[in-house]
Amino acid sequence: MPIALRLVLLLALGVAIIAFGRRRQNEALVYGGGALTALTGTTFIAFAAATIL
């Protein structure tokens, strides 16, 4: 599986965790999903920049 696809799947997982945490009114899930989304998004941007350059 290509690394870009893995990063996109992790990004989608983070967003899903945020949505699930908001529905259950659980702040820990929202913060955890936000952290996963932020880290994955940053990694994806860095990977895309390294690939282009």
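A: Contact here means heavy atoms within 4.5 Å. Before we use it, note that this is a predicted model, where local features need pLDDT of at least 70 and side-chain atom pairs count only at pLDDT 80 or more, while totals for chains, interfaces and linings use all residues. Residues are numbered from 1 along each chain as its sequence is written, and side-chain values use heavy atoms, with hydrogens and water left out.

Q: Thanks! Leaving aside its neighbours within four places in sequence, which residues is T37 in contact with?

A: Once those neighbours are set aside, T37 touches L11, G14, V15 and I18. T37 itself sits in helix α2; helices are DSSP runs of H or I with at least four residues, numbered from the N terminus.

Q: How do I read its accessibility: is T37 buried or exposed?

A: The classes are buried (under 20% relative accessible area), exposed (over 50%) and partly exposed in between, with a 1.4 Å probe and protein chains only. T37 has a relative accessible area of 19%, so it is buried.

Q: And T40, what is it in contact with?

A: With the neighbours within four places in sequence left out, T40 meets L7, L10 and L11. T40 also belongs to helix α2, and it is buried because its relative accessible area is 5%.

Q: Which residues of α2 are buried?

A: A helix has a repeat to keep in mind: with 3.6 residues a turn, residues three or four places apart point the same way. In α2, the buried residues are G33, T37, T40 and G41. Their cover includes α1.

Q: What happens at the start of α2?

A: There, a side-chain oxygen of N26 comes within 3.1 Å of the backbone nitrogen of A28. A28 is part of helix α2, and it counts as exposed because its relative accessibility is 57%.

Q: Where is the place of Q25, and what is its phi near?

A: Most residues other than glycine have a negative phi. Q25 has a positive phi, near 60 degrees, and lies in the loop between α1 and α2. Its relative accessibility is 72%, so Q25 counts as exposed.

Q: Which residues make the nonpolar surface patch?

A: Patch residues have over 30% relative accessible area and no salt bridge, and nonpolar side chains (Val, Leu, Ile, Met, Phe, Trp, Tyr) are joined within 5 Å, like charges within 9 Å. A salt bridge puts a side-chain nitrogen of Lys or Arg within 4 Å of a carboxyl oxygen of Asp or Glu. Here I3, V8, F44 and F47 make a patch of about 310 Å². The elements giving two or more residues to it are α1 (3–24) and α2 (27–52). F44 lies in α2 and is partly exposed, with a relative accessible area of 30%.

Q: How many Å apart in space are A49 and A12?

A: They are 20 Å apart, C-alpha to C-alpha, and 37 residues apart in sequence. A49 is in helix α2, whereas A12 is in helix α1. A12 and I52 are 40 residues apart along the chain, and 23 Å separates their C-alpha atoms.

Terms used
Accessible areas come from the Shrake-Rupley method with a 1.4 Å probe; for residues, only the protein chains shown count as cover. A polar contact is a pair of N or O atoms within 3.5 Å; within protein, one must be able to donate a hydrogen and the other to accept it, and residues adjacent in sequence count only if both atoms are side-chain atoms.
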